[in-house]
Amino acid sequence: MNKLCHILLLSCCLGNFSASGLGETENLECVKSAGFLAPIDSPDYRKYAPDREVNILHLALDVTPDFKQRTIEGKATLKFKPIAKPARELKLDAVDLTVHSVTATEKIQGYEVTDEKLIITFAEPIPPGREASVTITYHAEPAQGLYFRTPEMGYREGDTHLFTQGEEIEARHWYPCFDSPNGRLTSEVTCRLPEGMTAVSNGRLVSEEKDPATGLIVIHWAQEKTHANYLVSLCAGYFKKLEDKHNDVPLAFYTPPSEFKEAPNSFRDTKDIMAFFEEEIGVPFPWAKYYQVCVNDFVAGGMENTSCTTLTDSTLFTDATENIRSSEGLVAHEMAHQWFGDLVTCKDWSHIWLNESFATYYQTLYRAHKNGRDAMLYELYSRARQITGMTNDTRAIVRRTYDTPRDMFDYLAYPKGGWVLHMLRAQLGEELFRRCIKTYLERHEYGNVVTDDLRAVVEELSGNSYDQFFDQWLYHAHHPELEITHNWDEKTKLAKVSIRQVQKISDSVVLFNFPLTIRFKGKFGVSDRSIRVKDKEEDFYFPLESAPEIVRPDPDYTLLAKITFKVPNPMLYAQLADKADSVGRLLAIDQLAEKKDKESVAKLKEALNQDAFYGVRIEASRALRPIHTDEAGEALLASTKQPDARVRRAVVGDIAGFYRDTAYASALQTVQNEKNPDIVAAALRSIGAYAKPEGRETLLKFLDSDSFRNELADAAIGGTKLQDDPAYITPLRESLSKRESAFTTRGFAQGLQTLAYLDRNEEKKSSVREFLVARVNDKKERVQLAALTALGVLDDPAALAVLETFAGASKDSPERTAAEQSVAKLRAGRKPADDLKSLRQEVLDLQKANRDLRKDLDALKKKLNATEPTSPGKGKKKAILSRPKA
Ligand SMILES: [Zn+2]
């Protein structure tokens, strides 16, 4: 899954990690923070796969959705065999299902429904190996697992649909099952829908016909090869589709009808990706078809359900964005899962990298295939920066300590695991790596895998021990942090390279042992020297004909490490000019970004305008921003005419880092002349920093503008927040109220928050409060949560009563948490952290009040003392002392 984080991005979903510059659903939703671990002395501290008392062989679901009530009537038939011992009971995961009946091929003594289980007790134990089946009819109003998108919830009438999400453990909310990846089953899904609707599920379409009794269309899909329970999927409702074929594999791409116009853009790489993967992986696409379905407000970026991936509709994009947006990364990621995750499935969540890292890395390999090696290296470079920039990076990729399965879907499972595969491929060589992966897949197809299964194949085919590689990169945390220095001795003609490993060694972080190439370039040509780094501190000597002009550790970019290697300017400039080495140029830019001198700025400007690779140009733009001198600002302002939209957007965004009249004028000009909405949006946001009449008019104009997915109005709202001017309250409220249907859910939620923010210091808050209160029961969860949070930001005690009704709920829920936080904010009379200005004023007012009080108190004391009858002790003394001053 590619989770778009519930804030930032993740469950096999592609979320977070693919964004920026990597072509994915940027920051979709999920970057989930790590959960709270169970205490070390608790039995829950380490997690393992559950026992399988029976083997669930087959699941047949028959589902009739009620789109008005947002409920389903279901019938689930599960075929199973006890494995080793006679089974008296069948325990199934089931949450909040109303069970109508349970029947079976064996005599049933009774059944029990608990909060989390359905337990069926048979009259006699079923002996091992005997096949039996149970059929459960039930009703569900699922809070998770199955999601409705209907007009009653605020979605477009003609787009009504539902989708399911199994991973990690949500399936139990819409049907009874053994909800763990360590079991495989065939499955079939039958869905009964009003005419005009359609249903997509796993496997092959068996039939589609009208039921004369009900008038409903009955659509029946069958997944005839085994897969994991979390991959069972159903998308049903109004959709339109595009079709294609790769050899014998039918391909299709569905969107809700109102979004169909953009479908070809996102679908366009699908066929090429499949052809590439079949070639690269060496195993044919394993399933009956490959369909992708875009849905509204998906819970992640994408989900690789077997043969029918679900995608967020925010992956859809228009041609106007040129090359800034693409669905390539997301589509490639989810399709790679069809082999890695679906054909072979991690046995339990501790090995989730076997799903996610492969999907992430094969997405990178497709990038190289389609866009060239530099594009792939740039993706790896961006990810390495993300990984090596993490704080508290002391958890291993494979670990048993996590709170919930979702905690495993993080940067370790996605980009870091992808990097580990990149290193493995470099060490094995491409051809041997391909053979290892093919063997691994063929050996474990339609089965479960653990990390050692991969190691065993790699060792068997390479003849080498990979214990250390797996131990340091997968079972231990972190990466080498290297401090490298270079010295040339003209007398002995020796280049000395000193390497220190400075990462903090601990139980979870080892001293690394890895091969490293050092490349020297000079009058003698190119000379690569291979070494093995294994000590904390080592010096290496290399005889060369003459002094090297460039020294490049890891020139092929096959080591995940944080390397500090400062080279003198002539060497740096030579590296920046080296056309054959894009990573060398990126690293040179990184080093130049720390300098402020005019020559460095001139070099960056030159790279920004002349480098052949767009990634280098983008990074040159980014590097100029923090330099923040007039020269750096001018270099950016002189570089706005970039033919590549990705670079143009970077320049516009980086100019926003300078507070100058010229920067403001440039942003205004971009808004007026630029055609690409993504770039206009970047300029609009930056205008917010300037309190100027023309900028204000521009923001107001765009507040009511129409654009694809309302991107420009969203950007204008971002600008008004920066302005922090109450004059925007009324126009913003009107835009939100009149144009609600034009907003995305996320955009509307952000609009509510901004409205509360702008209104927070006003004396009369009733109209904004009422506007927000009207949305605290919104059926879109994100809007509801935004309204509850916004009431806390608004800081109006009159909202307390409303918030209390949510905060007092008996059941834990995101609404309750949001309301509790707002209540706490209001109660404490504390302002949100971003409200520094008024906080400062409040402190000043308090200080003044305090001073006045003290003055009054002193005066009072003096009066008192003056009138007090003299008596022995302290009081007397004070009274006497104070008297002369009175
Ligand atoms: Zn994924």
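Student: In which strand is Thr310 found?
Tutor: Thr310 belongs to strand β19, which covers residues 308-312. Helices here are DSSP runs of H or I with at least four residues, strands are runs of E with at least two, and both are numbered from the N terminus.

Student: What kind of model is this, and how are residues numbered?
Tutor: It is a predicted model, in which local features need pLDDT of at least 70 and side-chain atom pairs count only at pLDDT 80 or more, while totals for chains, interfaces and linings use all residues. Residues are numbered from 1 along each chain as its sequence is written, and side-chain values use heavy atoms, with hydrogens and water left out.

Student: Back to Thr310: buried or exposed?
Tutor: Thr310 is buried, because its relative accessible area is 0%. The classes are buried for under 20% relative accessible area, exposed for over 50%, and partly exposed in between, using a 1.4 Å probe and protein chains only.

Student: Which residues is Thr310 in contact with?
Tutor: Setting aside neighbours within four places in sequence, Thr310 is in contact with Ser233, Cys235, Val293, Val295, Phe298, Gly301, Gly302, Met303 and Asn305. Contact means heavy atoms within 4.5 Å. With Asn305, the side chain of Thr310 also makes a side-chain polar contact of 3.2 Å. A polar contact is a pair of N or O atoms within 3.5 Å; within protein, one must be able to donate a hydrogen and the other to accept it, and residues adjacent in sequence count only if both atoms are side-chain atoms.

Student: And how far apart are the C-alpha atoms of Thr310 and Tyr254?
Tutor: They are separated by 9.4 Å, with the two residues 56 residues apart along the chain.

Student: Where is the place of Asn296?
Tutor: Asn296 sits in the loop between β17 (290-295) and β18 (302-303). Asn296 counts as buried because its relative accessibility is 7%.

Student: New topic. Which residues does a cis peptide bond join?
Tutor: The cis peptide bond joins Glu167 and Glu168, with omega about 0 degrees. Glu168 lies in the loop between β9 (161-164) and β10 (185-193). At 5% relative accessibility, Glu168 is classed as buried.

Student: Which residues other than glycine have a positive phi?
Tutor: Tyr446 is one of them, with phi near 55 degrees, and Asp724 has a positive phi of about 50 degrees. Tyr446 is in the loop between α7 (430-444) and β21 (447-449), and Asp724 is in the loop between α19 (711-723) and α20 (729-738). Tyr446 is partly exposed at 25% relative accessible area, whereas Asp724 counts as buried at 18%.

Student: On to the helices. At what angle do α22 and α23 pack?
Tutor: Helix α22 (residues 766-773) and helix α23 (residues 781-794) pack at about 160 degrees, with their axes 9 Å apart. Axes are lines fitted to C-alpha atoms, for helices over the stretch in contact, and angles run from 0 to 180 degrees between N-to-C directions. The two helices are therefore roughly antiparallel. Angles under 35 degrees count as roughly parallel, over 145 as roughly antiparallel, 65 to 115 as roughly perpendicular and the rest as oblique.

Student: Which residues meet there?
Tutor: From α22, Val768, Arg769, Leu772 and Val773 meet Ala787, Ala790, Leu791 and Leu794 of α23. These residues of the contact divide into 7 nonpolar, no polar and 1 charged. Ala, Val, Leu, Ile, Met, Phe, Trp, Tyr, Cys and Pro count as nonpolar, Asp, Glu, Lys and Arg as charged, and the others, Gly among them, as polar.

Student: How do the axes of α13 and α15 cross?
Tutor: The axes of α13 (residues 614-627) and α15 (residues 645-655) come within 9 Å and cross at roughly 0 degrees. That makes α13 roughly parallel to α15. Tyr614, Arg617, Ile618, Ser621, Arg622 and Arg625 of α13 make the contact with Arg646, Val647, Ala650, Val651, Gly653 and Asp654 of α15. By class, this contact has 5 nonpolar, 2 polar and 5 charged residues.
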